[in-house]
Amino acid sequence: MNYLSVEEITKTFGDRTIFEDLTFGIDQGQKVAIVAKNGAGKTTMLRCLLDLEPIDSGRIVFRKDIRVAFMEQSDSLDGSNTILEEVFSHDLPELNAVKEYNAAMEAEDESRIEATFEAITELNAWDLEVRVTQILSVLKLDDTKQLVRQLSGGQKKRVALAKVLIAEPDFLILDEPTNHLDLDMIEWLEEYLKKSSATILMVTHDRYFLEVVSDVILELDNKTIYKYKGNFSYYLEKKAEREEQLASTIGKAQNQFKKELEWMRRQPKARGVKQKARIEAFHETKKVAKQRIDKEELEIPIKMERLGTKILELHKIGKSFGEKKIIDNFSYTFKRQERLGIVGKNGSGKSTFLNMLLDRVEVDRGKVVLGETVVFGYYDQEMLKTDDDKKVIEVIRDIAEYIPLEKGRQMSAAQLLEKFLFPRNMHFNYVRKLSGGEKRRLKLLTVLMANPNFLILDEPTNDLDIFALAVLEDYLRSFQGCLIVVSHDRYFMDKMVDHLFVFTGEGDIKDLTGNYTAYRKNKLALERAGKKAESLSNASSTFEKTEEKVAPKQEEEKKKLSYKEKLEFEGLEGELESLENEKTELSAKLMDTSLSGEELSQAGQRLSKVMELLDEKSNRWLELSEYT
């Protein structure tokens with residue numbers, strides 16, 4: 001059943017065409033993701049679909065009598081509402097009944113309570129109260145009486161997400177739903193949307209999220225749209241095949257163009273009597289031959305100050321805000337080519353920790369010792385702070401006209417912008433005309449231009465498209481200095497870091513070897529083991545109350561592993577580590593656009609098998625671990 005039909009829509013801003021003659025449809029139950037480069041018009045397209053932006057031509061039709069909810073990037077909430085009032089602000093009978101019941105309970109009005117109780121029962125809306133509580137709790141919006149205008153930007157984003165989820169629409173449209181969510185929230189949202197019966201259209205740059213939730217990918221590229229019926233791995237495979245075919249077509253057209261050009265140039269006086277069809281075919285061939293397939297590469301060989309033997313040392317540092325401990329008696333010595341990831345729930349102190357390293361926040365106890373050769377480059381979550389009427393190239397030239405490179409070479413500001421995916425036709429655009437992702441990419445470039453040898457990146461992936469992320473990852477892999485990353489992008493963390501600081505709360509920071517996926521796997525295994533142990537303990541207590549007795553010999557056998565099982569248990573740890581490494585390698589392969597379609601397909605199939613083996617062997621390890 002078709003829920004949305006889009007027919008030949010075109011949108012322009014002035015003389016700029018955003019997209020042209022787009023046609024696609026979305027059926028009931030599909031979970032569709034839009035991917036495109038920053039500035040290609042993803043958000044504009046969503047707003048056009050909902051009639052929040054006018055289209056120049058074409059037709060957009062939603063199926064009648066379906067409920068549509070939209071979570072957009074910009075803040076469209078009513079600041080005078082409380083959190084609870086805002087999430088209940090949809091005009092839906094079930095929500096209105098629950099809202100009225102809550103008001104009656106607060107007013108202790110018995111007659112209203114009785115009336116609203118009956119209304120909720122008739123609408124079968126009692127589970128809605130439970131769902132509202134669960135969603136607000138997961139999104140850390142427990143103080144429901146707090147006014148929306150008093151919230152931070154991240155909290156407002158989570159209120160907007162809660163609002164559309166609670167409405168339980170038939171068609172859910174989400175613009176960057178994972179921004180400002182911590183890793184636990186993202187994984188919860190993944191599971192929630194995967195199980196949801198709603199039809200979903202979303203824009204997100206979280207590649208693991210795309211892999212798990214979506215079953216259709218729409219790629220907006222070169223003002224047109226391509227549809228792929230599969231998840232993110234399937235999209236990468238088929239996109240590579242499409243580009244191979246296009247490259248082949250362009251190659252043939254270029255050869256044909258050369259031959260036809262010679263023919264066109266011969267006997268110019270007779271051109272009027274040449275075959276009209278052949279002349280028209282020549283111009284069509286010329287269009288195809290002039291096409292280009294851009295392969296973005298982010299190569300910035302900026303000269304970097306060499307790090308000395310002393311880089312950064314933390315000696316028993318501590319920090320508290322009132323009664324809340326952020327860091328307690330923590331020591332660490334940073335080494336060359338450090339590649340550290342920082343994870344923890346929102347409010348656990350990650351940004352405070354970074355500001356202590358940068359001497360922007362004083363430590364309460366202990367000391368931070370900085371090496372003389374360290375040059376920090378700090379990218380924070382704030383948007384680029386510059387005059388909106390400045391041109392892109394002026395932002396860079398304000399820092400330097402030329403940038404020193406390795407081996408005594410130099411690069412102009414214009415050349416550097418091109419390396420950082422700003423083509424020449426964008427250099428004289430005003431900053432105000434850039435998309436959010438383009439502004440963030442420009443800000444990141446200004447940080448790198450300072451020639452840092454110690455990079456600290458706080459949520460660098462927010463608003464960057466998957467193409468910009470891929471080339472940023474290429475650059476960071478070759479970066480020879482120290483790197484600290486705070487990010488909720490699990491794919492980015494897996495590729496960039498080799499150990500983690502985990503902020504567990506109450507000032508405790510754990511240093512764990514491995515990437516994010518390895519950490520998460522271990523955490524889940526421990527949680528499962530803990531639940532099983534608790535379950536066994538409860539079962540044991542109940543068992544002791546019964547009159548039946550188990551023979552001592554049988555009890556002994558249940559508590560010990562056989563020799564064969566011991567060998568199996570010891571081997572499983574190595575197998576799990578090997579499978580995790582293979583999973584990381586295969587995930588990297590799926591992002592490598594230089595591979596053929598067949599190679600990508602093989603990698604995708606193997607990744608599915610590896611994931612199955614990981615689940616199977618993790619469960620077996622947990623089973624055996626109960627008796628060690």
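Two strands are taken to pair if DSSP finds at least two bridges between them, and the legends below use pairing in that sense for a model that is predicted.

**View 1. Strand β12 and its pairing with β19 and β18.** In β19, the bridge partner of I342 is F501, and this bridge belongs to the pairing of β12 with strand β19 (residues 499–505), which runs in the parallel sense over 5 bridges. With strand β18 (residues 482–486), β12 also pairs in the parallel sense, here over 4 bridges, and in β18 the bridge partner of I342 is V486.

**View 2**

View 3. An open sheet is formed by 3 strands in the order β2-β1-β4, with antiparallel pairing. Its edge strands, each of which pairs on one side only, are β2 (16–27) and β4 (57–62), and from one strand to the next the twist averages 15°. Strand β1 (residues 2–13) and β4, which run antiparallel, are joined by 5 bridges; in β4, the bridge partner of E7 is R59. Helix α1 (residues 42–49) packs on this sheet and touches β1, β2 and β4, while the direction of α1 makes about 60° with that of β2.

**View 4. The packing of helices α3 and α4.** Two packed helices are described by the angle between their axes and the distance between the axes. Helix α3 (residues 93–107) and helix α4 (residues 110–123) pack at an angle of about 155°, and their axes are 9 Å apart. Because angles over 145 degrees count as roughly antiparallel, α3 and α4 are therefore described as roughly antiparallel to each other. The crossing in which α3 passes α4 is left-handed.

**View 5. The residues in the contact of α3 with α4.** From α3, the contact is made by P93, E94, A97, V98, E100, Y101, A103, A104, M105 and A107, and from α4 by R112, I113, T116, F117, I120 and L123. Sorted by class, the contact of α3 with α4 has 12 nonpolar residues, together with 1 polar and 3 charged residues.

Methods: Residues numbered from 1 in each chain as written. Predicted model: local features only at pLDDT ≥ 70, side-chain atom pairs only at ≥ 80, totals over all residues. Heavy atoms only, no water. Axes fitted to C-alpha atoms, helices over the stretch in contact; angles between N-to-C directions. Parallel < 35°, antiparallel > 145°, perpendicular 65-115°, else oblique. Left-handed = near helix turned anticlockwise from the far one by under 90°. Contact = heavy atoms within 4.5 Å. Nonpolar A, V, L, I, M, F, W, Y, C, P; charged D, E, K, R; others polar.
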